[in-house]
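Have the model open while you read.

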Amino acid sequence: MVFLALEEDLPGTDAGAFAPHLEAEAARVWTLQQQGVLRQIWFRQDRSAAVLLLECPDRQTAEEALASLPLVQQGLIR
């Protein structure tokens, strides 16, 4: 199945809080791409947000993949 995920910053997050985790985020995104889970990623121009296209056998697997992203784990995005 194909899933579309729209990233949102969580309310009250400080823009500076992202910087320490961006390298780990990029590494995890690369890993998910290499595994064939993350098929495509786009970045919106109208605001700071990403759009992700995932290919997973079910919704639970897609949610687990998204939950593995460092920015999600740090409580900065959902």
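V51 sits in strand β3 (helices, H or I, of at least four residues and strands, E, of at least two are DSSP runs, numbered from the N terminus). V51 counts as buried because its relative accessibility is 15% (buried means under 20% relative accessible area, exposed over 50%, partly exposed in between, with a 1.4 Å probe and protein chains only). Bear in mind that this is a predicted model, where local features need pLDDT of at least 70, side-chain atom pairs count only at pLDDT 80 or more, and totals for chains, interfaces and linings use all residues. Residues are numbered from 1 along each chain as its sequence is written, and side-chain values use heavy atoms, with hydrogens and water left out.

- Leaving aside neighbours within four places in sequence, V51 is in contact with L4, A5, L6, Q40, I41, W42 and R44 (contact means heavy atoms within 4.5 Å).
- From V51 to E25, 26 residues apart along the chain, the C-alpha atoms are separated by 14 Å.
- Strands β1 and β3 run antiparallel and are joined by five bridges (strands pair if DSSP finds at least two bridges between them).
- In that pairing, V2 stands opposite E55 of β3.

**The nonpolar core**

- The largest nonpolar core has 13 residues, and L32, V37, L38, L52, L54 and C56 have the most contacts inside it (such a core is a set of buried Ala, Val, Leu, Ile, Met, Phe, Trp, Tyr and Cys residues joined through side-chain atoms within 4.5 Å).
- At least two residues of this core come from each of β1 (2-6), α1 (22-34), β3 (50-55) and α2 (59-67).
- β3 gives the largest share of this core, three residues.
- Take L52: beyond its neighbours within four places in sequence, L52 is in contact with F3, L4, A5, L38, Q40, I41 and L66.

- E7 lies in the loop between β1 and α1.
- E7 is buried yet has no salt bridge, and the nearest side chain of opposite charge, R47, is 6.5 Å away (Lys and Arg count as positive, Asp and Glu as negative, with His and the chain ends not counted).
- A polar atom of the E7 side chain lies 2.9 Å from the backbone nitrogen of A50.
- Not counting residues up to four places away in sequence, E7 touches R47, S48, A49, A50, I77 and R78.

**Salt bridges**

- There are four salt bridges in the structure (a side-chain nitrogen of Lys or Arg within 4 Å of a carboxyl oxygen of Asp or Glu).
- R78 pairs with E8, with the closest N and O atoms 3.0 Å apart.
- That pair links distant parts of the chain, 70 residues apart: R78 is in the segment after α3 (70-73) and E8 in the loop between β1 and α1.
- R78 is exposed at 54% relative accessible area, while E8 is partly exposed at 33%.
- R44 forms a salt bridge with D46, the closest N and O atoms being 2.5 Å apart.
- R59 and E63 meet in a salt bridge at 2.7 Å, N to O, and they are separated by about one helical turn because they are four residues apart in helix α2.

Technical notes: Polar contact = N/O pair within 3.5 Å; in protein donor to acceptor, adjacent residues only side chain to side chain.
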